[in-house]
Amino acid sequence: MKTLALFVAIFGIMAFASIDAAAQKPTRITFAKGSSEKVVSGTMTGYGSKRVFVIKVKAGQTLTTESVGDNYITIDIKAPKGSTYTPDLEANCNDRHEVTPTAAGDYIITVTECRKADPWRGAFRFKITVN
C-alpha cells in the first residue's frame, strides 16, 4: 500500500511539473502584414499562473502595452541587452508600458494576475503596439 501511495505521489508531482513547464513555453507575437498592433489573449488559472510572450522589435521603435480585457493583469517587460528601459512601477496593476526608443532584439513579456485586485480565473486580453 505504501508503494502504491508513493507511486501516485511521484506521478502527481511529475504531471504537475510537466503542465507548468508547458505553460512557461513563450509564445511568439507576430503582426499581420501591414499592421502595427495586435490584441493578445490567454487564460490564467490563479495567482500562481503566468503566460510568457516574446516579440522581436527593431531599434528606435516604440513598444506599448495595455490591458483591454475585463480581468486585471500585470504585464512585465524584460528588454534585451543594450536597452535602457526601466518600467515605471506605479501603484496600479502595471499593465501599461511604453518602451521608447527600443533596442533591437527580443522583448520578453510576462503576464500575471494583478495581485492588487481581487483574484480571478479565466481569460485575459492585452493590446501590444509597435511603431
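Guide: Let's start in the sheet: the bridge partner of Arg51 in β7 is Val111. Before we go on, this is a predicted model, where local features need pLDDT of at least 70, side-chain atom pairs count only at pLDDT 80 or more, and totals for chains, interfaces and linings use all residues. Residues are numbered from 1 along each chain as its sequence is written, and side-chain values use heavy atoms, with hydrogens and water left out.

Visitor: What makes β3 and β7 a strand pair?

Guide: Two strands pair if DSSP finds at least two bridges between them. Here 8 bridges join β3 to β7 (residues 105–113), and the two run antiparallel, so β3 and β7 pair. The strands themselves, like helices, are DSSP runs numbered from the N terminus (strands: E, at least two residues; helices: H or I, at least four).

Visitor: Which strands are called edge strands?

Guide: The open sheet has 4 strands in the order β1-β3-β7-β5, with mixed pairing. β1 and β5 (73–78) are the edges, as each pairs on one side only.

Visitor: Why is the pair of Phe53 and Phe126 called edge-to-face?

Guide: A pair of aromatic rings is described by the distance of the centres and the angle of the planes. Rings of Phe, Tyr and Trp (its six-membered ring) pair if their centres lie within 6.5 Å; planes under 30 degrees apart count as stacked, over 60 as edge-to-face and the rest as tilted. For Phe53 and Phe126 the centres are 5.6 Å apart and the planes at 70°, so edge-to-face it is. Phe53 lies in strand β3 and Phe126 in strand β8, so this pair ties together parts 73 residues apart in sequence.

Visitor: How many aromatic pairs are there?

Guide: The structure holds 2. Phe53 and Phe124 also form an edge-to-face pair, at 6.4 Å centre to centre and 80° between the planes. Ring pairs link Phe53, Phe124 and Phe126 into a cluster.

Visitor: Why does Ser35 count as partly exposed?

Guide: Ser35 has a relative accessible area of 32%, so it falls in the in-between class. Ser35 sits in the loop between β1 (27–28) and β2 (37–44).

Visitor: How do you know that the charged end of Arg115 sits over the ring of Tyr47?

Guide: The rule asks for NZ of Lys or CZ of Arg within 6 Å of the ring centre and within 35 degrees of the ring normal. The charged end of Arg115 is 5.3 Å from the centre of the Tyr47 ring and is listed as sitting over it.

Visitor: What makes Cys93 and Cys114 a disulfide?

Guide: A disulfide is a pair of cysteine sulfur atoms within 2.5 Å. In Cys93 and Cys114 the S to S distance is 2.0 Å, so the pair qualifies. The torsion about their S-S bond is about -85°, so this disulfide is left-handed. Cys93 is buried at 13%, and Cys114 at 1%.

Definitions and conventions:
Buried < 20%, exposed > 50% of the residue type's maximum accessible area, 1.4 Å probe, protein only.
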